[in-house]
Structures are given as C-alpha cells and as structure tokens.
Amino acid sequence: MSDAQEMTLEEREASIGGIGTARKRKEDARFIRGQGNYVDDIKLPGMLHGDFVRSSHAHALIKSINSEEALKVEGVLAVITAKDLEPLSLHWMPTLAGDMAAVLADKKVHFQNQEIAFVVATDRYAATDGIQKVVVEYEALPPLIDPKTALDDDAPIIRDDVADNDEVGQGKRHHPNHIFEWQVGDKEATDAAFEAADITISEDIAYPRCHPSPIETCGCVASMDATNGKLTVYGTFQAPHVVRTIVSLITSIEENKIRIVSPDVGGGFGNKVGAYPGYICAAAASIVTGHPVKWIESRIDNLSTTAFARDYHMTGELAADKDGKILAVRAKVLADHGAFNTHAQPMKWPAGFFNIITGSYDIPVGHVKVDGVYTNKAPGGVAYRCSFRVTEAAYLIERLIDILAQKTGIDKAEIRMRNFVQPEQFPYNSCLGWEYDSGDYPTALKTALKAVDYDGLRKEQAEKREKGELMGIGVATFTEIVGAGPVRNCDIVGLGMFDSCEIRVHPTGSVIARLGTKSTGQGHETTFAQIIATELGIPSDNITVEEGDTDTAPYGLGTYGSRSTPVAGAATARAARKIRAKAKKIAAHVLEVTEQDLEWEIDRFKVAGSDVSITMKDIAMAAYSNIPEGMEHGLETTDYYDPPNFTYPFGAYICVVDIDRFTGDVKVRRFYALDDCGTRINPMVIDGQIHGGLTEAFAIAMGQEIVYDETGNVLGASLMDYFLPSAVETPEWETDFTVTPCPHHPIGAKGIGESPNVGGVPAFSNAIVDAFAHLDVTHMPMPHTQGKVWKLLNELGLNK
Amino acid sequence: MSSQKISLTINGESVEAEVEPRTLLIHFLREELNLTGSHIGCETSHCGACTVDLNGKSVKSCTVFAVQANGGELVTIEGLANGTEMHPLQEGFYEAHGLQCGYCTPGMLIRAYRLLQENPDPSDDEIRVGISGNLCRCTGYQNIVEAIRYAADKINQAEGAD
Ligand code: FES
Ligand code: FES
C-alpha cells in the first residue's frame with residue numbers, strides 16, 4: 001500500500017512516537033519564540049484593569065471606606081466594595097471546603113493584605129493611582145497569629161460570621177476558631193501498642209507555611225457579552241470546568257452562558273486550583289461596566305494572599321521492638337488554615353490523604369488526629385506540588401524513621417529494609433485505610449544504595465567525623481498516593497473526581513483529542529498524544545491535544561495532585577481503545593473477514609497468518625465512507641474514567657551534604673533520585689519533572705517560609721526574601737528508575753510530577769540532621785537556612 | 001499626564017512613540033507594542049522573566065523606564081530567530097528540554113543570548129552564574145544549562161568551520 005510496508009516492525013514502531021519515546025515537546029515551538037499566550041497577554045477591545053485596595057491590618061473592624069478622591073482620579077471608573085457586591089450575593093463565596101470566604105472584606109479584615117475594594121480603571125497605572133486614594137478607617141483588634149493559641153479560652157475570635165455555628169462544613173467543632181477535627185485509625189489498639197513497646201520515640205515536627213509561587217502569578221480577564229448574556233473568563237485555572245460550575249452556582253448564571261478558558265499557564269504547583277477574589281471581582285466589574293476587565297496579581301499579592309501551603313504542626317510517634325521493627329504510628333496535627341477554610345482537598349478529606357503516614361512501611365496499627373484552626377493569616381492550605389497533604393505525611397514518617405534509627409543504633413537504610421512492605425504483600429492494605437496498588441521497595445532502595453556506594457559513603461563519613469568535619473547522608477524511601485480519585489470517596493462540591501478524554505479521528509487519519517485536565521507546563525500536548533499514538537498506531541505528530549476551554553473540552557476535574565496521567569491518561573487510553581474496537585469492526589468489513597481473523601500490529605489490523613492488512617489511516621477513511629451495515633459513521637468517542645483506586649508512586653532518594661562548620665554553609669554534594677512511576681510515557685519529560693520537583697523540594701527544605709510577626713505583618717512576601725533558588729544554588733540531579741506498573745491503570749502509569757517534591761524534602765532534611773547525628777541531634781526545624789545551621793553549630797560549639 | 005517622545009530600535013526596526021515618563025519598559029513593550037514575549041513575574045527585578053537586551057546588556061525591563069531606552073537598541077525574544085530559522089539557543093532549549101511552562105523562557109533565552117557573547121565558551125558553572133538573575137520554577141535549571149551548552153557548541157563549531 002505505502003512506504004510503510006517496506007519499513008521493518010521496529011521502524012514502524014519508532015515512526016509512531018508512542019509510549020516510551022523521549023519525544024521532543026510539541027508546545028515548545030511557541031514558547032521559544034515568545035508566542036505563548038498567557039493570560040496577561042490577552043487584550044480585548046475596551047478592556048479595563050482592576051486591582052485591590054488591601055488591608056494593612058491583620059485583624060480590624062472596618063469603620064469606613066471613602067472612595068471619593070479615588071473616583072476623581074483620571075481613568076478610574078469604579079471602586080467596588082463589599083456593599084456593592086452584597087445585592088448580588090457576591091461579597092462572600094463558598095469555599096471548596098464547605099466554608100465561606102470574603103470576596104471583599106465585609107465589616108472587618110481577617111488578615112494582612114486582605115482584599116477590601118476593587119478599583120476599576122482604564123489601565124493598570126490609573127488603577128494603582130486610584131488605590132492610593134481610597135481611604136480606609138480601621139479599628140484594630142487583637143490578632144491571633146500562633147495557631148497553638150487559637151483554641152485558648154481567651155483567644156480572639158476571628159470569624160464573627162460563624163462564631164455560633166457548631167460546624168463550618170467539615171464536621172463538629174468545639175471552639176469559634178476551630179474548623180474541624182479529623183481522626184482515622186484504631187486509637188485504643190495504637191495506645192496499647194505504645195504502652196507495650198520496648199522502644200518509643202516522639203518528636204515535634206513542623207512543616208512551615210510556604211508558597212508554590214509559580215513565575216506567572218494568578219490573573220484573569222472577564223468579559224460579559226451583554227448581547228448574548230455570555231460570560232467568558234480567561235484565567236490561570238488548573239481546573240477550568242470546576243471553575244465554570246462554581247461560577248454558575250454562585251452567580252446563578254446558567255452554565256451554558258459561562259465559558260472558562262485557561263490559556264497557556266506559567267506554572268501552577270497548586271497555586272492555581274482555588275477561586276480567588278480577583279476572579280469574582282473582575283467578573284462582577286465586567287457585568288457592571290459592560291467592558292472586559294483584567295486582574296493580574298502582583299508578586300507580593302501572590303505570596304501574601306493566594307494559596308499558601310503546609311503550616312502543619314505535627315507531633316509524630318513510633319513504637320518499635322529492639323530490632324527496629326515498627327509496631328505502631330501515632331500522629332497529632334494542628335493545621336493552620338488561616339482566616340477562611342479555602343484549602344482545596346476532595347471534600348471528604350479535611351486533612352487530605354495525610355493518613356498515608358504509614359509510608360513504605362508495614363505498620364500493624366496507627367492513629368491520626370488532625371485539628372484545623374483559624375488564624376489571622378492568609379487562607380489556603382493548597383497541595384504545593386503534591387497530592388493532598390501527602391508531602392506533610394511523607395516528611396513526618398521519613399523523619400520519624402530516621403529518629404528511630406538513631407535511637408536503636410540501626411543504620412538508616414537498614415531500618416527501612418526491615419520495615420518495608422514486601423513486594424508479595426501487594427495489593428497491601430495499610431492500617432490507616434489505603435490499598436497500596438503495587439511496589440517493590442527493597443529493589444528500589446538496594447539499587448539506590450549501590451548507585452551511590454552507600455557503604456563507602458558511611459565509611460567516609462566516619463573518617464570525616466574523626467577529623468571534626470560534618471558530612472550528612474540523607475535517605476528517603478517514600479510512597480505517595482495520587483490520582484484522585486475514585487468517585488466513591490473523592491468529590492469537589494459534589495462533583496466526582498473522574499476525568500475525561502474525547503478523541504476524534506479525521507478521515508485522513510489524523511486526530512484531535514481534548515481532555516478535562518490542564519497542563520501548566522507538564523507537556524500534556526506531547527505526552528497524551530503518545531498514549532493515543534501507541535493505542536491507535538497513528539504518529540503522535542499527527543495528533544493534536546487540546547485542553548482548557550470549557551466550551552470544547554469534555555468535563556474534567558483538572559490538573560493537580562498528580563492526577564492527569566492516572567485519571568485523564570487512563571481516560572485517553574480507554575477512549576483510544578474504544579476507537580480501536582470500532583476500527584476492528586470496520587477492518588473486518590473492508591477486508592471481508594471476521595474480527596476473530598484479525599490481529600493488531602503497531603499501526604494496522606492484519607489477517608492472522610497472511611500479508612493482508614489495513615492501516616489505521618485507511619480504516620479512518622473507511623469510517624466515513626465504507627462501514628458495515630447498522631454501524632454509525634465516524635470515528636469519535638469520549639471516555640469518562642472513574643479510577644478504581646489511587647496510584648502509589650514511590651522512590652528511593654539519597655542526598656549527600658557537606659557542612660562548613662564555621663559558616664553553616666550546606667553544600668549538596670550529590671543527589672540521587674530513583675523513581676518508580678509505573679509505565680514511563682516520555683522519559684525526557686519524566687526527567688524534567690523530577691529535576692523541577694527536586695528543585696522545589698530543595699527550595700522548601702533550605703529556605704522557603706512565609707513568616708508573620710506577632711501582630712500579623714507578613715514578613716518578606718517578595719522575591720527579595722522568599723527563596724526561589726537560582727541556577728547557582730540549585731544542585732545537580734541524578735535520576736534513575738525502576739518500573740512497577742500500576743495494575744489497575746489501563747497503561748500501568750502512576751504519575752510522576754509530585755514524587756520529587758514529596759521525597760525530596762525529607763531527603764534534604766534527613767541529610768542535614770544526619771550530619772549532626774553523632775552529636776545526638778535528632779531533628780532540626782525546616783527550613784535549613786544557613787543562619788539556623790550556624791546557630792546549631794554555635795550551640796554545639798563546633799564552630800570554634 | 002504629559003508624555004514624552006522616544007525613538008529606539010527594536011529587533012532591527014525603528015520605533016517612535018509617545019510615552020508617559022513613568023511607563024516601565026516592560027509595559028511599553030507588552031501593552032503599547034504588543035510584544036508580549038517578555039513576561040512579568042515580579043516587577044521587582046528578581047525573577048528575570050522580563051529580561052531584554054538593551055544596548056548590548058541584559059536588563060530587566062520591569063526596572064527600566066521606557067524613556068530610558070530612548071535612542072537605544074533593543075532585542076527581545078521576538079527578534080531572536082532569523083526569520084523562520086531558529087537561533088541555536090532556541091534549538092538548544094527544544095532539544096535539551098530546557099523549558100516546561102515556558103514563562104521564564106523568553107527572558108532566559110535573551111539572557112543566554114548576551115551571555116554567549118560575553119563568554120562564547122562558558123563552563124557549566126559559568127553558565128549557572130551567568131543566568132542566576134533569571135529564575136525558573138519548573139526545570140531545575142539542569143536542562144537549561146545543557147541547552148545553552150548545546151547552543152555554544154553549535155555556534156563555536158559553525159565559527160570554527162568558517
Ligand atoms: S518582572 Fe522584571 S525581574 Fe521579575
Ligand atoms: S519553564 Fe516554567 S518557570 Fe521556567
């Protein structure tokens with residue numbers, strides 16, 4: 001038929017560019033030319049700019065807001081306050097966690113930089129001029145900053161609006177500043193195990209408040225078309241369909257009259273999951289003025305108001321026998337959620353999947369209790385490059401097992417080997433309720449130890465210690481839980497967390513596919529095409545992948561929590577398989593054989609035992625011209641995939657650091673990361689994800705923290721103070737892998753984007769603490785800034 | 001507000017415009033000229049997303065007034081390719097997977113463009129120092145270093161062949 005027939009099987013396979021190939025990225029062509037289309041690049045006729053007057057106080061009553069002078073500023077058209085939004089019921093908005101959040105401060109402010117008024121002007125300079133002229137009169141209230149005092153009897157009450165409610169969306173609560181209590185596990189059995197154990201350890205481990213801080217901040221352009229009543233919002237949305245439904249629910253505009261578009265998004269990392277006041281105000285302003293309205297967040301606004309992460313104050317405990325075998329785990333957490341509970345977790349999971357604290361270890365019994373509290377800080381609690389609260393959990397267990405190793409005198413790698421869930425135990429039911437799908441932890445760790453010559457490193461460390469030098473070896477063997485998730489236990493505002501893919505094969509054999517997810521840099525246009533390429537035998541170069549426009553893409557829950565590949569990737573494979581099943585019928589019809597006579601070979605159906613075949617390309621044409629009787633024309637389908645389980649990627653990381661005992665400078669000498677994400681779709685993209693995730697882990701472990709002073713001033717919410725590592729600080733990364741396919745995913749993939757963050761943070765922390773382990777140091781609070789390390793050196797007298 | 005007349009060369013073309021004295025160069029480029037390839041990540045001269053090449057130097061255009069560029073020669077990402085032919089740096093970023101979300105990429109490329117003129121054969125460490133004013137949250141820099149190395153080698157080979 002064509003040249004293809006002269007190609008060998010291998011050549012044909014290679015020409016497809018399917019699963020497993022390090023295919024170059026399709027999206028790069030526009031980005032390297034400066035032709036990306038990010039939200040701030042969008043310019044509509046008559047577009048106005050809006051920006052916020054923000055609170056200088058952390059906690060205060062608003063006595064008055066005076067806009068008179070602002071409205072005199074050239075170019076300023078409107079100053080919108082809570083009072084103006086109230087008639088539309090838009091001054092407060094429901095959160096994904098069942099709470100309410102103020103869109104514009106209503107009678108009081110709850111955190112510094114909270115949005116008070118939205119100034120709408122002809123351009124961003126005029127808006128800024130207007131903001132300077134709005135006068136807000138406050139009556140200061142005592143602020144509550146330390147979450148540990150939030151539940152005191154005399155604590156200032158932050159949320160007067162819900163002070164008398166005995167719940168705020170996530171179950172019973174017992175104090176006006178209390179949000180929820182969440183418990184899982186067998187408390188009695190756990191307590192009994194601790195009573196009886198030979199060895200117990202306990203440590204207070206805080207995971208500081210940090211921020212995802214993608215280089216592009218949040219923003220939107222809202223445009224109400226008065227002639228047809230349709231509201232279009234372009235914005236930095238990781239989950240555009242969810243935004244559409246929520247906008248419909250809170251504005252009562254029918255969903256067919258709302259179009260949400262995520263254009264190119266400059267990184268998300270959890271920052272762009274939530275709904276922020278800027279989106280609502282821009283939409284309201286567009287409705288009121290009849291003009292498109294743009295809102296773009298400044299970096300300071302970004303760091304101080306939208307989407308902080310972590311702020312988990314944990315006490316972790318392990319009970320073990322003398323051989324270091326863990327008998328029980330116990331954790332108590334105080335979760336600081338800021339002024340409104342706007343964390344973005346599946347609704348039934350107020351503390352996310354924190355009960356993955358069993359990690360990679362076979363622990364018979366455990367108990368977890370998490371209490372969420374309000375403070376006068378920015379709201380949030382997003383999953384910063386991790387599945388919901390999984391990085392907090394991994395950090396806790398990976399620190400605890402190191403502490404147990406120190407207490408028992410067992411080597412830190414060895415104690416992990418002794419406690420691993422064994423390959424033959426999968427599917428493994430953890431004591432805290434998860435069914436781990438697959439894994440081979442011992443092989444991963446053994447491979448890692450060999451790669452870095454772990455024994456040699458330990459020897460070197462011992463020699464260095466003799467000489468008074470500080471060298472640390474950090475081991476982390478993490479297990480993640482990602483791919484939310486099964487609709488039976490995962491939903492957001494009642495929407496099941498399935499995802500979707502629609503595939504259309506054109507008559508000449510090329511394809512357009514659309515998904516419910518949204519790439520924020522992960523390269524979906526490239527990798528999802530590879531899945532289809534393998535399934536359909538159509539070259540990935542002939543497959544266009546689109547996401548992010550709710551008018552065209554099938555409904556999906558979006559991209560976060562490493563769910564794109566586990567959920568939408570599965571939908572993609574299944575949609576392609578539905579198409580192949582139809583193609584087979586057409587092939588049988590065209591070749592005048594039965595389906596049983598046919599076998600699939602790379603890009604075609606072949607009559608078994610003969611040379612007769614028909615390529616997918618030719619079947620595509622036949623689908624529009626020559627089909628069996630009773631069949632519908634076309635070669636298109638959509639799949640909505642409800643995953644039967646989560647996926648459980650894992651890995652073994654080893655970090656080696658050298659610490660200058662006089663200056664506290666920490667040098668990362670080596671970082672080796674072995675990841676197992678199941679089937680590998682594009683090794684180049686996977687390595688890129690790991691490099692990026694490890695760099696974010698490095699940032700978190702070594703320097704990121706959003707700090708508040710005792711009056712609630714947010715200190716250092718600019719890139720002057722908030723640590724985003726440059727190329728100079730960032731270490732070199734070594735990557736490696738094993739492949740343990742996911743048994744329940746159509747192509748066996750588990751997801752990779754977040755593993756390096758989840759595993760990386762404890763690997764760094766463990767390495768730094770390990771450098772001091774011979775001096776009985778068991779824990780050091782993150783972030784490990786040079787100043788903090790120096791302080792410890794000074795306390796220990798090592799810098800003399 | 002009174003405006004001021006400026007004229008400058010941008011990507012080889014002369015441009016004349018009236019701007020307010022307070023207009024930042026990045027806003028002038030993006031909003032007046034629709035050259036949206038250069039991005040804004042902080043407006044405080046930390047992230048480098050706005051990097052352009054002005055009179056043979058890398059500058060952060062969020063911290064320069066448009067009027068300061070009067071009479072100057074400016075190169076932005078839109079001027080890096082030679083028609084449809086990609087600059088070796090663009091090719092390097094594509095080949096070495098030197099970008100993910102692409103937001104830092106234009107600034108990174110324009111910085112690297114100047115770096116390779118300052119130092120045509122940089123070591124990996126020199127590359128890292130050379131791009132340390134440009135932040136990337138996605139790539140972890142390793143592939144960016146490789147991409148710049150790729151371009152340096154390609155340019156040097158081409159020159160060696162001449
Ligand atoms: S926007 Fe200019 S340096 Fe960040
Ligand atoms: S590629 Fe996303 S910030 Fe660099």
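Biologist: Into which domains is chain B divided?

Modeller: Domain bounds come from an automatic or database domain assignment. Here chain B splits into domain 1 (4-79) and domain 2 (88-161). The model is predicted, so local features need pLDDT of at least 70 and side-chain atom pairs count only at pLDDT 80 or more, while totals for chains, interfaces and linings use all residues. Residues are numbered from 1 along each chain as its sequence is written, chains are lettered from A in the order in which they are written, and side-chain values use heavy atoms, without hydrogens and water.

Biologist: How many residues does each domain of chain B give to the contact?

Modeller: Contact means heavy atoms within 4.5 Å. Domain 1 of chain B supplies 17 residues and domain 2 of chain B supplies 13 residues. Their C-alpha centres are 22 Å apart.

Biologist: Which residues touch the most other members of the largest nonpolar core?

Modeller: A nonpolar core is a set of buried (under 20% relative accessible area, 1.4 Å probe, protein chains only) Ala, Val, Leu, Ile, Met, Phe, Trp, Tyr and Cys residues joined through side-chain atoms within 4.5 Å. The largest has 226 residues, and those touching the most other members include Phe118(A), Phe671(A) and Phe93(B). A second, separate core has 45 residues, among them Ala571(A) and Ile586(A).

Biologist: What is in contact with Phe671(A)?

Modeller: Leaving aside neighbours within four places in sequence, the contacts of Phe671(A) include Tyr653(A), Leu694(A), Trp733(A) and Phe764(A).

Note on methods:
Buried < 20%, exposed > 50% of the residue type's maximum accessible area, 1.4 Å probe, protein only.
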